[in-house]
Amino acid sequence: MEKRTTYTLKIDVLPMTSPAIDIRNLKRNFETKLAVNDLSLRVRRGEIFGFLGPNGAGKSTTMKMMCGLLQPSGGTVRLNGLDVRDNLPEYKMSFGYLPESPILYQKLSAREELDFVGRLYGLSPHTRQTRIEKLLKVFKLEGDGDRFISQMSKGMKQKVALSQCLLHNPGILLLDEPTSGLDPRAARMVKDLITTLHDSNTTIFLSSHRLSVIQELCDRIGIIHEGKLVALGKVDDIIKQSKDAKNLEEAFLEFTGGIERLDILDWRND
Amino acid sequence: MSIFFLGLMAMSIVPMIWKMSFDMGGSESNLADLRMVFLYIFIILLFFSTSFFSAQVILQQDIPLLLISPTPNRQIVWARMASVSVRMLILAMVPIMVFLVGFSRGYGSNQPLFLGLVAFLINFIMASALGFFMSLLVVRAWRVGGSRIVMRTVSIVVTMAIMFSLRLFIWMASAHPGFGDMMPLSWGADLMLGRPLGSAFIAMAAVLILLGILLMNRYAVRFWTEGGDVTQGVAPRPSYREGVAVSPGHHIISRTDAIVRKEFTNLKREPEVLIRLIFLVGVLAVIPYIMGEEDIPGVLLTPFFLIMIAWTGTTILVGNTLGSDGRQLWMIKNAPLSAEEYFRGKVRYATAILTPMILAFMTISYFTDPMDRSQSLGLLILGLLIILGAPNIGVSVGTMFPDYDRATRNRPGFLAFGVISFLLLLCYLPAASMVMLGDEILADLGAPSTLRASGFAMTAILLTIVVVAMRNRALSSYRKIEFVGDLAEAE
């Protein structure tokens with residue numbers, strides 16, 4: 001295992017407009033483990049921010065705290081100036097969330113699922129109907145809109161979940177692995193969708209293991225390791241900050257502790 | 001839980017069966033009556049075996065998993081059939097043994113007890129074998145284009161008809177003595193009483209059982225393992241009201257309405273829940289009527305049956321409130337839906353289902369049970385208290401004690417079931433006792449006429465305290481839910 005080097009973070013100076021996402025000194029304890037440790041970052045309005053980290057680094061925990069699905073042990077999270085701890089309906093309306101493994105209602109059809117979510121967000125019947133049909137068309141699900149969720153493939157379910165988080169037209173999107181389970185064509189469509197939303201000034205907080213997606217889409221990225229933010233900035237800047245990395249993958253590995261060389265077939269020896 | 005309730009129902013008709021069998025054993029025309037009883041039992045067993053075996057194929061979701069195991073398909077099919085048969089036998093043994101013992105006592109000899117047991121077992125095996133084959137026809141018809149809801153509804157109607165038809169059968173036996181002689185399936189009675197036709201019954205049974213086994217062996221595996229489209233097709237599109245103006249309160253109504261609609265949509269796709277309730281209401285409504293026919297006051301049981309309906313309805317509709325949303329709870333917690341709106345939606349859903357059940361039971365009881373006016377009024381008050389309180393208690397407990405891991409999402413966990421049971425009995429048993437106190441009973445006891453009113457008032461106060469306290473606790477629990485993994489965990 002390579003020796004870990006401490007880096008000094010180079011934080012971009014943000015404009016004076018209030019950030020869409022403002023996280024300060026965020027902490028989360030789970031009994032003996034500190035899953036998120038003093039995390040601070042800001043995301044500008046209309047920015048696509050990539051959030052990277054190894055498995056178990058605290059990415060999903062951070063996003064759940066941003067959604068209000070987990071309570072922070074310390075620090076603050078604000079979306080559009082609203083504090084998550086106030087638990088206001090306006091806070092929930094301000095963002096759309098796509099979890100890593102979205103689990104939907106199996107006995108509902110896609111249309112029923114989206115109709116249910118639309119009602120939860122208080123959309124009028126006309127708005128619901130219009131948006132549902134448009135989203136099904138965008139994701140090429142018009143013919144499958146009346147199929148039950150239980151009959152859908154993983155990719156189709158992912159599309160329904162993505163439609164769900166877009167339905168109420170939020171200004172902020174929190175996407176945890178949005179291309180997971182999608183074929184290359186669908187993944188391309190999602191990337192184009194993210195780019196289009198970015199052009200319409202939607203703020204996107206994106207977590208993904210696919211570095212190519214991050215590199216292609218994100219204005220800035222943050223790398224989290226063992227609950228701490230170890231790098232923050234534009235992709236090129238982060239590569240420059242690293243010691244020996246020539247690309248984002250090497251920089252990522254360097255920031256997150258290097259590569260452990262394993263004897264892959266050791267388990268077969270008695 | 002279903003075996004518990006079926007057992008409870010069986011126990012509640014034990015006195016009636018005992019009295020009937022004792023009188024039959026001692027009467028001179030006992031052979032004719034007994035033949036009708038055997039015929040009746042055969043029809044019931046045939047019906048239930050057909051239903052249970054059909055349900056194995058249509059409703060059980062684990063058959064495809066079993067069939068891909070290394071165990072031969074034939075053994076799986078036979079094992080599943082045997083398990084269903086044994087369960088049926090256990091359920092049937094209680095009323096049958098009561099009948100046989102009562103009859104023997106009335107007859108004055110133990111011979112009918114032992115021979116009757118043999119005759120009954122032969123009857124059972126015959127009905128099982130034929131019932132299984134008939135179930136294959138039912139499954140075939142269902143796969144061609146049947147509906148689970150229609151099938152279940154028909155089964156309820158037939159069950160109710162069978163339960164009411166015993167009196168009709170006995171009347172036919174007394175009005176037409178030769179009727180039983182013409183029906184070989186009823187000759188089990190002759191075996192029980194040691195009559196000559198008993199031998200013919202054994203011979204006929206051997207032929208029918210052999211026929212059933214041959215048919216099962218030939219067709220069972222094929223029918224069970226044949227692919228069938230067991231999906232439910234496509235869903236109807238949700239309808240929208242065009243041009244609905246967005247009023248200031250619209251968003252609030254819409255969010256609670258979302259929960260109610262979602263629950264009803266799921267209920268539509270799981271009709272067994274609703275059908276089980278309807279079945280329970282029907283059966284519990286019939287028992288006091290049958291007791292009334294035997295001059296046993298049905299009002300002794302009616303208010304307690306009302307609580308039983310509330311108990312069953314509450315536990316299976318909302319007893320696992322949070323667990324029923326389970327892994328989808330993230331969607332609800334993520335939405336701008338307050339804890340109060342969620343709670344309100346669930347309560348409205350449970351109330352919408354439970355209210356017609358309670359009203360139907362009260363209406364049937366009013367016309368079939370001989371009750372005085374004060375008892376009828378008391379039953380009405382109890383029903384209203386149940387409608388107002390039981391759904392709130394169910395949703396509160398189901399929120400505080402969720403079970404996310406249950407395979408059947410509607411069933412509450414052990415703890416929730418216990419707490420719901422305790423609270424419903426605590427709140428409603430006193431009122432149920434008040435219902436039984438008619439004007440005559442009060443006068444006999446020398447009790448003041450205000451006793452009933454005081455009892456109901458105390459119940460109402462207790463219920464209010466319990467509902468408010470549990471609701472507040474439940475809302476607090478809901479707000480504390482966190483999503484550590486995929487499932488929610490309350491602190």
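In which sense do strands β3 and β9 of chain A pair, and over how many bridges? In this predicted model, strand β3 (residues 48-52) and strand β9 (residues 220-225) of chain A pair in the parallel sense, over 4 bridges, and within this pairing A:L52 stands opposite A:I223 of β9(A).

On the other hand, β9(A) is joined by 5 bridges to strand β10 (residues 228-233) of chain A, and these two strands run antiparallel, with A:L232 in β10(A) as the bridge partner of A:G222. The two strands form a hairpin in which 2 residues lie between them, and A:E226 in the turn has a positive phi of about 50°.

These strands belong to an open sheet of 6 strands in chain A, with the order β6-β7-β8-β3-β9-β10 and with mixed pairing. Because β6 (95-98) and β10 of chain A stand at the edges, each with a single partner strand, one side of each is left without a neighbour in the sheet. Neighbouring strands of this sheet are turned against each other by 15° on average, direction ignored. For the edge strand β6(A), the pairing is with strand β7 (residues 172-176) of chain A, to which β6(A) is joined by 4 bridges in a parallel arrangement; here A:L173 in β7(A) is the bridge partner of A:G96.

Two helices of chain A may be described relative to these strands. Helix α6 (residues 184-199) lies across β3, β7 and β8 (203-207) of chain A and runs at about 150° to β8(A), whereas helix α9 (residues 248-255) lies across β3, β9 and β10 of chain A, running at about 35° to β9(A).

Key
Residues are numbered from 1 along each chain as its sequence is written. Chains are lettered from A and ligands numbered from 1 in the order in which they are written. This is a predicted model: local features need pLDDT of at least 70, side-chain atom pairs count only at pLDDT 80 or more; totals for chains, interfaces and linings use all residues. Two strands pair if DSSP finds at least two bridges between them. Axes are lines fitted to C-alpha atoms, for helices over the stretch in contact, and angles run from 0 to 180 degrees between N-to-C directions. Two residues are in contact if their C-beta atoms, placed from the backbone, lie within 7 Å.
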